[in-house]
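Morning, everyone. Please bring up the structure, and I will walk you through a few parts of it.

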Amino acid sequence: MAHGPATRLHRCLLRLYPAGFRRLHGDQILEFWTTQRRERRYALPLFGTVRYWTDLLGDALGSGFRQRRAPDHDDRGNLPRAPQRRSPGNRPTTPSSSTVLGRFDLLRQDLRYAYRSLRRQPLFTVVAIATLAVGIGSTTAVFSIVDTVLFRPLPYTDPAGLVLLGRLSESNDLDSLALPEVQALARLGAFEGVAAGLHYGVDVQWDESAEVLNGASVGHQLFDVLGVQPLLGRVYSAEEDVPGGPPVILISERLWRRQFAGAPDAVGSTMALNREPHVILGVMPDNINFPEAGADFWTPFRDAEIIRDLDLNPDSRGITFFSAVARLAPGITPQIARLGVQTLFRTLDGEEEGEGEEVRGWTESLHEATVGGSRTGLLLFLGAVGLVFVIACANVAGLWLTRIAGRSTEVAVRTALGASRRRIVSQLLTESLALAAVGGAGGVVVAMAVQRALLTIIPATIPRLDAVELDGRVMLFAFGLSLLAAVVFGALPALSAASRGSAEILREGGRGGAASTKTTAQRLLVIGQVAIAVVLLAGAGLFANSYARLLNVELGMRSSGLIVARLSPTLGDDGTEVIRNFYAQVLQRVTALPGVDSAAITYSPPMGQSNFRQTVMTETMAEDEDGIWAGNVIISPGYLEVVGVPLRRGRDFNAGDILAAPYVAIVNEQMAAELWPGEDPLGKRFKWGNGLQGSLDSFEREFFPRDWLTVVGVAGNVRRRSLAEEPIGEYYRPHAQMSWPSMALMVSTTGTNPNLATDLRRAVAEVDGMVPISDVRSVQQNVATSVSEPRFRLLLVGGFAVVACLLAMLGVYAVMALTVSRQTHDIGIRMALGAARASVRRQVVVDGMRLAIIGAVVGLVGAIGASQLIATMLYGVGPTDPLTFAGVFVVTLLVAGAACYFPARRASRLDPLAALRSD
Amino acid sequence: MSPRTVLPLPATSFHILLALVDGPAHGYGIKRVVEERTHGRIRLAAGTLYEAMQRLSRQGLIENTEAPEEFSGSGRVRFYRITDTGEAELGDELRRLEQDVAFARTKVPAEQG
């Protein structure tokens, strides 16, 4: 027998028997079960498995219980007492509830009774358990993610005292700072410590390969401020963190395990950054999320040495590359700190000459800054799945009411025989608790699956996902949900069942009298279910609509048939000539590859992360003006044609635009309109102002010239960073005049070479084997990644809406089926009096549709309110889009119609005579 | 122990003994035979079956036995056979049942009900 999970479960079940019995028969029972599993009745994929384990559990519970009660037959060989079939309602055999033992006995009796009674209606039991498992499981899975991301403290010492410092942008986001601002903040008494940081990428050369790693240049204060200790070695000191200090580096645990196989002697060895050896001082935990998550190394900040090396002046307030994190001084609240920072910024502004824009300082708790952006979305998902949970409970409550109504005679008999109301309520509650417990257990299994599925589609922009797990806290949540579910669906019906007079029910004699044909409670529950499903459907509809519009926006270039790969040659001491030669050779070889139409290079491929922009000045602007922000895109000649960006006017770059020639640029229509509204941009000149923003992965003086650039062409606008963002003003520069080392290779393919990625890598390696090359991806993949958030929203809310719809459909079906069976007699009379079958069918459908329509209307009203919450997540569609809402209404009615059809058909096929004879 | 003390046999025990009349069988085999004979009306679960067999074996009505030759390869599966006491007991039970049925027939004609 294989020792799979099945074997383990088998052994668990065996433990229900006393040890002696297990010793004697355990092996035999295991063999028995294994053989039994092969029976045909267990062959159906899912249902068979459920049936098998239900049968086993039932058997083991029953006989195991008997064995434990009468563990062994006495030595004289007398028969054990036959198991007594006691009804819990019968007082004479009921153990006294006044003693602890008696109470325990009562509970055991209730449980046994619950098991038998649930077993008697397997369809009800299976449907109820499955519904609860889905409701509890999906809610638990979403909770596990929301809890980890939003509610758990950050993995730092005393994280509540940490704040992120920054500028407040026009859209009220936290922007990065200029160096003078960081320095002034560090002197502010409100903080115990302030650490500056700058995210950057660098070429790393290993013995046999090279790659680009992302890391950060951070002040030595960072480790004290966050309170993180190195796992190994030490962090750098204040003495090492000065301009011209020794080349030292800290690496992440991830990098240490990958590159050094977790060897302790990695500390003290060296690694090459830009071919320059750096001594590894220590290994840091992976979860340092400042200045950005996912850093693989940290180097000393050294008064912004990286920026100074560019011959840029970081002491100006136009260079805003710096993040800063601070720990609040004792006794300082975040509000006081924020006031201090705002005052400080006003002072800084006052010192500046000229009429600059006001810069507003801001602080945000590190926790809020890390997770705040994801909060609305995540809470929304928790809300959505909460609705699914409510529907699931409503559904089971409906089934439960039906079940209890069917047992009213039984309850009445027991009451008449002397069972107290408390006894009966406790019996019914035990049943619902048992059901909820099994549903909760199933929910944990569902949660595991749903959590895994969610983590594969959740966008990587949501922080802290690596810490998501199913731990005790989440289990407790699932347990709480089960309890809640049991109370919601079990307690109220139980109370109402027990409160009805027994004499009244007995008089009815189980005959479908007036009281039991009423299904008001079930009907209200169904209306509620439909309403909730409609809210979710409306949300899903809005997201779908918005997503479709997003996919249909004008990108401004081709996305199909284009592949992209980033190459990162190192800029050595030989100057940029080497870089130009490298790319010339690469382009030559790549163009010659089979399946390649044409190829070019660019620094900023569409939907990529590499973008930077700076302020530009026209000839008519005064020197002290701030200029206008514009994106800077480096390209090679022919790029526009390769990727399909239309050249509206002028010319493309050509072989004549070399470093020694006058600097040229092609501007996009947006920038032309911003800089020279109503004028002909061709021949106009502009140059860099003082502002610079963006993600730079290389820093070389030559790239930041102060010369005038002449406009030689006008190109169409491109959506560069995301589909939802309107195109910004941009200009293109020829790579020959700005020979940035790290460039993206853009290849237009014919689609006929399946091995193109491998061929590309080989072609690059033939030119230089030590040049790192990133993943080869298609532009379409990048576009898809850029819409991963809206897609995730759609999939999640859509998925929940489908589940909600199915549950509501089940609810409608159940209540209509119940109605038909309760009215069998009446229907018989109507048919006997000559009613046509079609009219009977119509009556049932109309009856059901009335519920659905009321539910749908209530739901739509709710949806109008709820959709305001997602208004900011929509693109190109209003939160109360009438078309979407109309569609949802129609879908709801269709689904409800389908749910009514089967009960209606059954009603119309009744044999009038049999119906009349029926009770 | 006098056989008289175990009558009437519970339905499970009765069918187990009946299944073993044709020759030794193992637990699952007994289950199959009973299921076939009763057309699926009695479907013995493992726990219930071994519980009953433990009782029967204590009462001396069945006992462990060697696996028949055709099953000799089936390893640790245990086989049971009916004892002489068991057969006698089964006979007594049959007679008791026959008497009951005969009496019942005088009250309820065969073709009705």
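One term before we start. Two residues are in contact if their C-beta atoms, placed from the backbone, lie within 7 Å. And keep in mind that this is a predicted model.

Let's begin with helix α25 of chain A, residues 837-866. How far apart should its ends be? At 1.5 Å a residue, these 30 residues should span 44 Å. The end C-alpha atoms are 42 Å apart, so the two agree.

Next, the place where the chains meet. Chain A puts in 20 residues, and chain B puts in 16. On the chain B side, α2 (27-37) and α3 (46-58) each supply at least two residues. α3(B) gives the most, with 8. By class, that side of chain B has 6 nonpolar, 5 polar and 5 charged residues.

Last, confidence. Chain A averages a pLDDT of 83, and 89% of its residues score at least 70. Residues 72-98 of chain A stay under 50, and the model has 35 contacts for them beyond four places in sequence. Residues 510-517 of chain A are also below 50, with 15 contacts beyond near neighbours in sequence.

Terms used
Residues numbered from 1 in each chain as written. Chains lettered and ligands numbered in written order. Predicted model: local features only at pLDDT ≥ 70, side-chain atom pairs only at ≥ 80, totals over all residues. pLDDT = per-residue confidence, 0-100. Helix = DSSP H or I, 4+ residues; strand = E, 2+ residues; numbered from the N terminus. Nonpolar A, V, L, I, M, F, W, Y, C, P; charged D, E, K, R; others polar. Expected span 1.5 Å × (residues − 1).
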